[in-house]
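Me: I'd like to go through the backbone of this one with you. Could you start with the loops?

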Amino acid sequence: MHSNHLLLEEPIRMASILEPSKASFFPAMTKIVGTLGPRSRSVELISGCLKAGMSVARFDFSWGDSEYHQETLENLKAAVKITKKLCAVMLDTVGPELQVLNKTEKSISLKEDAVVVLTPNQELEATSELLPINFTGLSQAVKKGDTIFVGQYLFTGSESTTVWMEVSEVKGDDVVCIVKNSATLSGSLFTLHGSQIHINLPTLTDKDKEVISSWGVQNKIDFLSLSYTRHAEDVRQAREFLSKLGDLSQTQIFAKIETVEGLTHFDEILREADGIILSRGNLGIDLPPEKVFLFQKAALYKCNMAGKPAVVTRVVDSMTNNLRPTRAEATDVANAVLDGSDAILLGAETLRGQYPVETISTVGRICAESEKVFNQDLYFKKTVKFVGEPMTHLESIASSAVRAAIKVKASVIICFTSSGRAARLIAKYRPTMPVISVVIPRLKTNQLRWSFSGAFEARQSLIVRGLFPMLADPRHPAESTSATNESVLKVALDHGKAYGVIKPHDRVVVCQKVGDASVVKIIELED
């Protein structure tokens, strides 16, 4: 993976672009989050998604009930057993999402310059003149001249499925709008988004809390995607709620930035959250088009320097109905990787798209090619400079391990960890080779029963770029005698050899704790 590392700043022989890429056990260092739904919920299809490179399965509770999602999750568990590929589970909250209700499910045609009324009276039927919504406070939140968007499954950017409206007046609880483009809405539910409008609703709604405390607890979710995060306090409240739900105190919270309000408070949100999701669907509407790239680059840089995973959404919308992405989309995926994204999140593309497996495979191949020209040397220097001196003990060990691995052209870095923090710090420096994170389970008790930790930590690394977890035998503690350390290392090396990542005469960098000391050592393998 590292041997054919190029730089875009250096001359590339054009003919080499046409040479086929070498197959690798790890499709890409960048991870792929797939949303499971109607077109991707059978055991067979989920198995295909896992083999293609999906490492996190997202369950979107904006639609479908807990029973429906439970069936899908059981199929995911079966697929994991069949494919022997680990997969983490992400629960995506609904949050203060505004929706237009279309009970009859008849198509609604809206014509340019026509007048349409948004009403909180949900008893009324949706027509081309009247759209019932699920929020009574819209009339207090908007004013004349404000922009409102309505579309199915968020916004694909297609003018034929998204309606752009301008508020002309407010009448009591109703909002009267002028339609700015002709479009047809089909389905039972459409999302409504007011551009740069504050919606006075809690970020974690009562419905969200109910789903988390039942479905979330039952399935020990690895990640909570907190929709419409607007302030650091939103993350703090969500964490306090999770802390009272047993195992979910370990669940990581990913703040979903999808409004200008969230963008304004980005730095404080980043400090509180475990990771960030850049929800470019809504943000692309809130921001002027020429500012979207700037937000992406600035946000990804901040996440990278903080060592927190960053996930980019809405990259290959056209693959919902097409087998190939557009040129712009293919370039967009590559730029997300070059900007420093840890993972790419696929929404409608896998949820209701016709080609879920092919989409994951295509995105994975684009990511793998982009990683070959990622300027790791420049990135490493920037990160070291940002961290400053004196470095913390762990930060120093992590950066040294990566520098050593690059200097000796190691095929992998093996890191022994119990909390996962050491492995994440190594991944923060973006080594050009995979990091095998050997998670050592720890025995814990709640005074009633004994249990092992480790599974959460292993699965949570599945969203971090370049990190590939392996759960060690609990009989081998992370800090132990040299004999037990050597036996765990042998298992890790055998694991790497079995998957073709490690070959005879390869060099491997190992990062582990021996007593109170942290050690980085270089091993040269024999035949």
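Reply: Proline 390 sits in the loop between α13 (376-387) and α14 (393-407), where helices (H or I, at least four residues) and strands (E, at least two) are DSSP runs, numbered from the N terminus. This is a predicted model, in which local features need pLDDT of at least 70, side-chain atom pairs count only at pLDDT 80 or more, and totals for chains, interfaces and linings use all residues. Residues are numbered from 1 along each chain as its sequence is written, and side-chain values use heavy atoms, with hydrogens and water left out.

Me: ok, and is the peptide bond from glutamate 389 to proline 390 cis or trans?
Reply: That bond is cis, with omega near -5°. Most peptide bonds are trans.

Me: what about lysine 84, where is it found?
Reply: Lysine 84 is in the loop between α2 (66-83) and β3 (88-92), and its phi is positive, about 60°, although it is not a glycine.

Me: buried or exposed, that lysine 84?
Reply: Lysine 84 is exposed, with a relative accessible area of 68%; buried means under 20% relative accessible area, exposed over 50%, and partly exposed in between (1.4 Å probe, protein chains only).

Me: and tyrosine 228, what is its phi near?
Reply: The phi of tyrosine 228 is near 55°, and this residue, in the loop between β13 (223-226) and α5 (232-243), is buried at a relative accessible area of 7%.

Me: switching to strands, which residues of β16 are buried?
Reply: In β16 (residues 310-313), Ala310 and Val312 on one side and Val311 and Thr313 on the other are all buried.
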